[in-house]
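Please examine the sequence and the structure shown here. The report that follows describes selected features in turn.

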Amino acid sequence: MAWRTNLACLIKAGGRRWFPVPEYSSLPPVLNNTCSVRKSTAPEKRVASVAACDTDGKEPRNALDRLFSLEQQASILQVLNTASDKELEAFRLLRGRKSVNIVEHRKKFGPFQRRRKKSQEKWLLRKFIKPGVEQERLKAVKSIVSIVFGTRRIAWAHLDRRPTVLDWQQTECWKLTNKTYPTSFYLEEISSVISKIPKADLYILEKSGLSIQNTSLLPILLHFLITEAMLYALLNKTFAEDGQHRVLSINRNAVGKHFDLMIGDTRTSGRELVKQFLSESVLKERPRVFFPQDLLVQYRQKVVKSSYRIEELYDSLLQAVAFYELVFGKDSELKC
């Protein structure tokens with residue numbers, strides 16, 4: 001990989017670590033101007049001055065967040081984690097021993113990672129997981145059941161903190177038609193499903209992104225709202241006693257964005273990603289998801305050989321993994 005030597009600049013974040021930033025043509029002009037600051041301008045002062053200008057009170061942001069988008073920060077980390085010492089020397093301030101130190105540190109401790117501050121973690125949890133639950137309580141969770149329902153079936157995935165799949169299945173329920181079902185029908189169907197769902201510390205429901213403004217989808221939206229309300233009520237029985245939420249929801253598109261499954265506003269199938277998780281469980285020492293060896297073949301046949309897409313089943317697993325990664329971080333070592 002060759003890096004452009006005449007269009008590079010460095011930003012010193014927090015006085016601790018240097019981040020090389022290639023000046024790609026896609027960067028906005030303000031970033032290109034930042035890269036071309038004269039030598040006499042101290043990076044620390046520029047960072048401090050930018051920090052003082054942020055008074056919007058919105059998403060918690062540090063100096064690096066104000067200067068670069070998440071995509072640009074990812075490019076910085078890619079350079080640090082993939083470039084050789086010779087390639088790093090293309091950056092003026094990484095010449096000599098610095099480039100060697102970066103490579104040696106990478107070999108000894110693994111790739112560089114951007115750490116989120118606690119304030120940022122809390123902001124992410126408040127944004128994607130509803131209703132709000134104390135972060136300390138979330139991090140004390142030992143297992144969750146992720147539940148996804150559609151117009152024909154309900155699927156769930158029971159995962160511990162490792163995360164290991166403890167149970168993963170679906171059941172056929174109703175077949176949505178133009179007919180309006182009475183509340184008693186939903187109560188009977190959902191009560192039957194809940195009797196099969198394992199016990200867990202938290203239950204995570206998928207929050208549909210359907211808009212009420214689309215009148216053609218109103219019957220489906222009504223079906224989803226009734227199902228969600230029934231699941232909340234039946235799984236959250238102790239809320240009146242202790243005031244503790246045991247049923248949370250996470251937006252469907254938030255999970256899609258977490259796994260890069262979005263094309264515009266449309267979420268694509270997670271089938272290939274689930275197949276990848278199954279393969280990694282065998283091939284990697286530390287896969288993203290652990291599957292019990294005695295059930296691995298059964299799960300793989302269900303996903304690979306199914307003659308139709310079982311999206312609820314795929315999505316229940318992805319939702320559980322996304323929840324843990326949002327709470328603990330993708331590369332965290334979780335101890336049960």
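## Report on the predicted model

Of the 336 residues in the protein chain, 43% count as buried, where buried means under 20% relative accessible area, exposed over 50%, and partly exposed in between (1.4 Å probe, protein chains only). This is a predicted model, in which local features need pLDDT of at least 70 and side-chain atom pairs count only at pLDDT 80 or more, whereas totals for chains, interfaces and linings use all residues. Residues are numbered from 1 along each chain as its sequence is written, and side-chain values use heavy atoms, with hydrogens and water left out.

The protein chain has 15 helices and ten strands; helices (H or I, at least four residues) and strands (E, at least two) are DSSP runs, numbered from the N terminus. Among the contacts in the protein chain with a separation of 6 or more, 63% are between residues 24 or more positions apart. Contact here means heavy atoms within 4.5 Å.

### Helix packing

Two packed helices are described by the angle between their axes and the distance between the axes. Axes are lines fitted to C-alpha atoms, for helices over the stretch in contact, and angles run from 0 to 180 degrees between N-to-C directions. Helix H13 covers residues 271-283 and helix H14 covers residues 293-304, while helix H15 covers residues 311-328.

| Helix pair | Axes come within | Crossing angle |
|---|---|---|
| H13 and H14 | 11 Å | roughly 155° |
| H13 and H15 | 9 Å | roughly 65° |

H13 and H14 are therefore roughly antiparallel to each other, and H13 and H15 are roughly perpendicular to each other. Angles under 35 degrees count as roughly parallel, over 145 as roughly antiparallel, 65 to 115 as roughly perpendicular and the rest as oblique.

The crossing of H13 and H14 is left-handed, a term used if the near helix is turned anticlockwise from the far one by less than a right angle, and right-handed if clockwise. Residues making this contact include Val-274, Leu-278 and Val-282 of H13 and Leu-296, Tyr-299 and Val-303 of H14. The residues of the contact of H13 with H14 comprise seven nonpolar, three polar and three charged. In this scheme Ala, Val, Leu, Ile, Met, Phe, Trp, Tyr, Cys and Pro count as nonpolar, Asp, Glu, Lys and Arg as charged, and the others, Gly among them, as polar.

The crossing of H13 and H15 is also left-handed. From H13, Arg-271, Leu-273, Val-274 and Phe-277 take part, and from H15, Tyr-314, Leu-317, Leu-318 and Val-321. By class, the contact of H13 with H15 has seven nonpolar residues, no polar ones and one charged.

Arg-246 is placed in the loop between helix H11 (239-242) and strand E8 (247-251). Is Arg-246 buried, exposed or partly exposed? Arg-246 counts as partly exposed because its relative accessibility is 24%. Leaving aside neighbours within four places in sequence, Arg-246 is in contact with residues including Arg-137, Asp-201 and Thr-238.

### Backbone details

A cis peptide bond joins Lys-130 and Pro-131, with omega about -15°; Pro-131 lies in the loop between strand E3 (129-130) and helix H8 (135-139). The peptide bond from Arg-162 to Pro-163 is likewise cis, with omega near 0°. Asp-260, in the loop between helix H12 (252-258) and strand E9 (262-263), has a positive phi of about 55° although it is not a glycine. With 69% relative accessibility, Asp-260 counts as exposed.
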